[in-house]
Amino acid sequence: MLVDQWSFGAASSGGTNVLAGWDSATGADAVVAVLDTGSIVHEEFAGREEPGYDFVSSLVSANDKSGRDADPADPGDWTDATTCATKGESSSTWHGARVASTIGAAANNAAGVAGIAYNSRVMHARVLGRCGGSASDVADAIVWAAGVTGGTVPAPARPARVLNLSFGLALANGCSAVYQRAVDSALKAGVLVVAGAGNDNSNVAFFSPGSCNGVMSVAALGRAGNRASYSNFGARVDVSAPVGDHRDSLRITAATNLGASSPQAPGYMQEFFGTSAATPHVSGVAALMLEANPALLPHELGRLLRNSASPFISACDNCGSGVVDGLAAVQAARAIESETQEGESNGGKKNDSKSSAQVLTAIPSRVKGSLQSATDIDFYRVDVPAGQKVRVVVASLLPVDMDVAVSGGKFTQLAVRGASGMVDYVDLTNSTTSTQVANLRVSQVGATTAGYPLSYALRAIDVPAPARSPVVTNFIVSQASAGQPVQGSFNVNDADGVSLKTLRVHVGTNGAAGSDDCYLNIDPQLGTKQFQFNGSGISEGAGCAQLLPSPGQTKRLYFWIEAVDHDQFIAKPSYSSVDYLGGAQTQVPLITAFSVNQATAGSPMNGSFNVADADSNSLRTLRVHVGDQGSAGTYGCFLDLDTALGLKSFSFSGSGTSQNGQTCAGLIPLSGQSKTLWFKVEAVDPDNNKALIGVSGNPVSGVYRAGGDLKPTITGLTAATPITTGGALSGSFTITDPNGDQVTKLRVHASYSYDGSSCTMDIGTYSSSQPGGLKSFSGCSSYTTTPGTVYLKVEGWDVNGLQADVVRTTVQVNSATYSSSQPGGLKSFSGCSSYTTTPGTVYLKVEGWDVNGLQADIVRTTVQVNATMGTVSGRTPDTLTRNVSTRVTVTGSGFPATAVFAIDNVVCNSDYQRTGTTSISQTCIAQPGTPSTTYLRVKDGPGGSYLSNGNGSFAFSVR
């Protein structure tokens, strides 16, 4: 099916050049871990999978009735409308299988597809389930698959050399600390991490793990070589791979399972695209490179993949260094050292003792060696010049724990790797003033399942400088005056060098993480940087010119810094924003920071605002309007203010110029009361340009509280609930008066409607005065004869006629039987037959209280309501003859459309068939002792329970 794997084709046509690369490498023995939805049973992976692990800790998401365990099988990630809070109804994706087949599907098996590294071995770490995955699960899986000891799960016997992460999550600050720590552990263990850039048509800087430092970040290309419309982008992208776009008729074919929910038959699909499909192209090429040179470390694999990428056949900005090239990458891996020596059993001399140690003649240098047995030790020698740092790496692609140790010389030795695994290395620092000799011992640790001789690669290279991220500080933006450019400055530093690969200022209007409408390229030298923005730059998204406000208007602009160094490490995004003021051609005044408030009851309402005008030193008119009919209503008063520009303040206490048939004094509430007042500012400049703020859609209001007598307050209303029918309504509340006045007309209203008053309970004599305080009530038992909700409201006044705000509560009235007391113990229930008319799942819950009102925890269960059995007809023949093959045919009808049928007999069992009407046939050979009854069994759907197990049966005689 290679015709459907067009992405493997020649680089000149936009392919990955994998077909040409197969003449040099096929990924033999390289282990690639796929961190995804898990594994499936499929002929494409038979016999070439390493033991995996299920890291999905959420039982809901796992969908396999267990948490973490050693079974990475994919049970399906289908969901219904309610399973996951952020995910609707969907079928199973079998995503992990599609990714794995792109990397390592079998070749030359006359079936399906071929993987890029078809002789590699795939390890599944299940991290994604029905509701996605958690960062902690992914981080633990990264550490485990890389063979790092001390994690939450014991390291695998044969760790992976490449990790494939075809997923991502948008985060405001890019790579999360949880992901970065896990990636750092994998890199230190000599393991390459490859991740998709993401499918949001956004900058990868805001996605994790695609923006994590040290990760190979992969973008997706369409069939024509352009960046796919969905693919993320940015300077942090390393390389791209062609997989197709939404509008392309050709996408990637991959192995999958044909089940819509749970696993069914294996098969293939031709709709695999996205950065999920692009990422395994790069992981597969990395496996080819490791066959060619197993001792390559992650930073070398990344550098070679970037440098060997082929040019884009269509313009693709921010898509990395090019299109991943399988042939060129393998050739680069083989040629990384200028000299390759042959070790023991590879054409070199025997080096089984220190005296016969093989000399590494240059730095860098590479030896292909082998161990002849479990006790074999190979000796090497390297001369380390004064003041130089040398890293010695030993690696094998076979399942063996390799070890390299050094003795002799005056070195500061650090065992960087040191843990178990197929890659081990030490760093040697010669701090003396003369050349020092390092004696090296290469051996295996513990047992191995691989045969002998065990091939390995030994390399001596310069110690790479530790890569560290750029750091951006002191980022500020500002605008001096309306119509002028935005000015900005920041500091950028990088401990690894003196310049960056990319330094950009991004500008947009949709918030910090979405500011990708325009960018400015900044000189990549480190230090203090300055820039200005006036609508010019490199457009992306809406474009640079669209960011400028209209004359006299204001637009909020968001800025962030993208700083990527030569190691592809990215600085944490730094944000800033500014209100861009348009030019002053229309001379519209600008009013900002408008607010009103009242300090204490009886005092004036105070307010303030700023007023500016781009082309005037003062205004013609400046007024504050006041009203009590809402922001869009009539304003009955206005205050004239000084027309000078700047910070303005005002005070309103009932004085001003009346308008619109109202009076200013009429806006003041009565003594002891409150009123909401609405304000708007009217500013008119000398050119008669008017600005308004505080109008409809932008209301500015405050509550004016009058001085003098204040109204009473009712608090703490409680009522006994539930009660039984015929029971009294009882409860209490507290009424207080701020002025210490006595209260009167205290009444509790009860009704089955919200604001009704069907029954009343007075506190004392209704019109008599009484002191405030705690009040109790009880009554209306003749009214509570019907189960339901009774609404209570309490009202009251002080003796000066000021009414308290009404307060409310409810009481549940239950039937006497429901609320009667009874001893605990075993309880039975039966009923609701009129409700169970539809097949499906009925959810039951039980609740109860003790007589003191304490409620028990609610318990729940479910009941399956099955469909009515249909009819069985067409039974032939009626008699089975012993030892004679006889055809049995049964027709079921009248069953649900999703029913699944089976003929069931000791010697006659049909396959399940999903139909309610089709005949089921099976050949039966009756034997002596065969039961005379054969059953038609019916399920309610695939994987469901039986609607019938014996019902609808029919009998055959046996002769």
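Contact means heavy atoms within 4.5 Å; helices (H or I, at least four residues) and strands (E, at least two) are DSSP runs numbered from the N terminus.

## Basis of the model

The model is predicted: local features need pLDDT of at least 70 and side-chain atom pairs count only at pLDDT 80 or more, while totals for chains, interfaces and linings use all residues. Residues are numbered from 1 along each chain as its sequence is written, and side-chain values use heavy atoms, with hydrogens and water left out.

## Sheet E39-E41-E44

Three strands form an open antiparallel sheet in the order E39-E41-E44; strands pair if DSSP finds at least two bridges between them. Strands E39 (713-719) and E44 (773-779) are the edges, each pairing on one side only.

Strand E41 (residues 729-736) is joined to E44 by 7 bridges. One of the bridge pairs is Gly 731 with Phe 777 of E44.

## Chain totals

The protein chain contains 9 helices and 59 strands. Of its 959 residues, 50% are buried. Among contacts between residues at least 6 apart in sequence, 66% join residues at least 24 apart.

Note on methods
Buried < 20%, exposed > 50% of the residue type's maximum accessible area, 1.4 Å probe, protein only.
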